[in-house]
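This report considers a surface patch and the packing of helices in one structure. The sequence and model are shown first.

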Amino acid sequence: MRMNAQTSHGSRPVAAVLLMVASAASFALMGAAVKASTGSLPFLVSLFFRSILGIIPLGIIVIVRQGSLRSNRQKLLFRRSLLGFCAMFMFFFAIEHLPLSTAVVLNQSAPVFTVIFSAILLKEHRAIHVLPLSFVAFLGVGVLVGPDIAETGIEASIGLASAVLSALAYVTVKQLSVTESSPLIVFYFSVWGTVFAAVVLGLALLTGWGDLDLDVVARELSRPAGVVALCLVGFFGVCGQLLMTASYARARASLVSPFAFFNPLFSYVIGVSVFSESMTLHGVLGGILVVSASALVPFVSNGATRAR
């Protein structure tokens, strides 16, 4: 029997908040694993492991819950997967070239774009109420990367572009969630992401793009530490997705979604303590502006909806 797309576990706010914080920690650890693996391998390899390791566990979850992996909305699932993969491609590229916390903060500005795209594409007329937050977020981006714009301007732009594509992917998820469950959507994202990553890896090997060398990849995959780091990318990525889905199932999104912004905090701590990234005043202030503006989006958006 097919389950409804939206599954409710009742209102359990404390459990939902704890699950969202755990999800944020998982995604921060995924970013750390990507950062660790890119010390010896191009980010393209991490991208492949992030996708392929989710197929089996997610497939099992979908079959147990729904009894089938079938969907009648394959075109929309493909679109969501392509947008999500491109966003993840840019995010992992940013992690490789920027401080971990900077890349995460830029990517976490996605909620601002999500509401704007929802207004344009889904006719959810709430964007005007979020525009002030958009300006604050963009100001934060300027403060965050401004002093280093000459050195990291391109990489920071790609990191911000990952947020834009993530927002478009989230809008597509909204359309899909009318009929499809979250685990099914994430399962197809993993399947298509693996295909896309394999194609990109193949093209990179043929063209020499991204410093991808097959001998280097084989040597790193023969090292237990290298394999563990890559597997942790997939493991924490899947855990983060499942914990976030479980959180949204237990309480309203406006309550739990701001707690996803523990991710930049965790990433900042990891970056400083593990990767010896420097703490700068402009980095802290810019990060606070971006995260605060993005975290307020659900409250402003829901307030505008109730006022209508």
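## Nonpolar surface patch

Val 195, Val 199, Leu 203 and Leu 206 form a nonpolar surface patch of about 400 Å². Patch members have over 30% relative accessible area and no salt bridge, with like charges joined within 9 Å and nonpolar side chains (Val, Leu, Ile, Met, Phe, Trp, Tyr) within 5 Å. A salt bridge is a side-chain nitrogen of Lys or Arg within 4 Å of a carboxyl oxygen of Asp or Glu; areas are Shrake-Rupley values with a 1.4 Å probe, and for residues only the protein chains shown count as cover. Leu 203 belongs to helix α9 (residues 182–207).

## Basis of the model

The model is predicted: local features need pLDDT of at least 70, side-chain atom pairs count only at pLDDT 80 or more, and totals for chains, interfaces and linings use all residues. Residues are numbered from 1 along each chain as its sequence is written, and side-chain values use heavy atoms, leaving out hydrogens and water.

## Packing against helix α13

Helix α5 (residues 100–107) packs on helix α13 (residues 262–274) at about 165°, with axes 8 Å apart. The two are therefore roughly antiparallel (angles over 145 degrees). On the α5 side the contact (heavy atoms within 4.5 Å) involves Leu 100, Ser 101, Val 104 and Val 105, and α13 contributes residues including Pro 264 and Tyr 268.

Helix α1 (residues 13–37) meets α13 at about 40°, with their axes 8 Å apart; α1 and α13 are therefore oblique to each other. Among the contacting residues are Phe 27 and Leu 29 of α1 and Phe 262 and Phe 266 of α13.

Notes:
Helices (H or I, at least four residues) and strands (E, at least two) are DSSP runs, numbered from the N terminus. Axes are lines fitted to C-alpha atoms, for helices over the stretch in contact, and angles run from 0 to 180 degrees between N-to-C directions. Angles under 35 degrees count as roughly parallel, over 145 as roughly antiparallel, 65 to 115 as roughly perpendicular and the rest as oblique.
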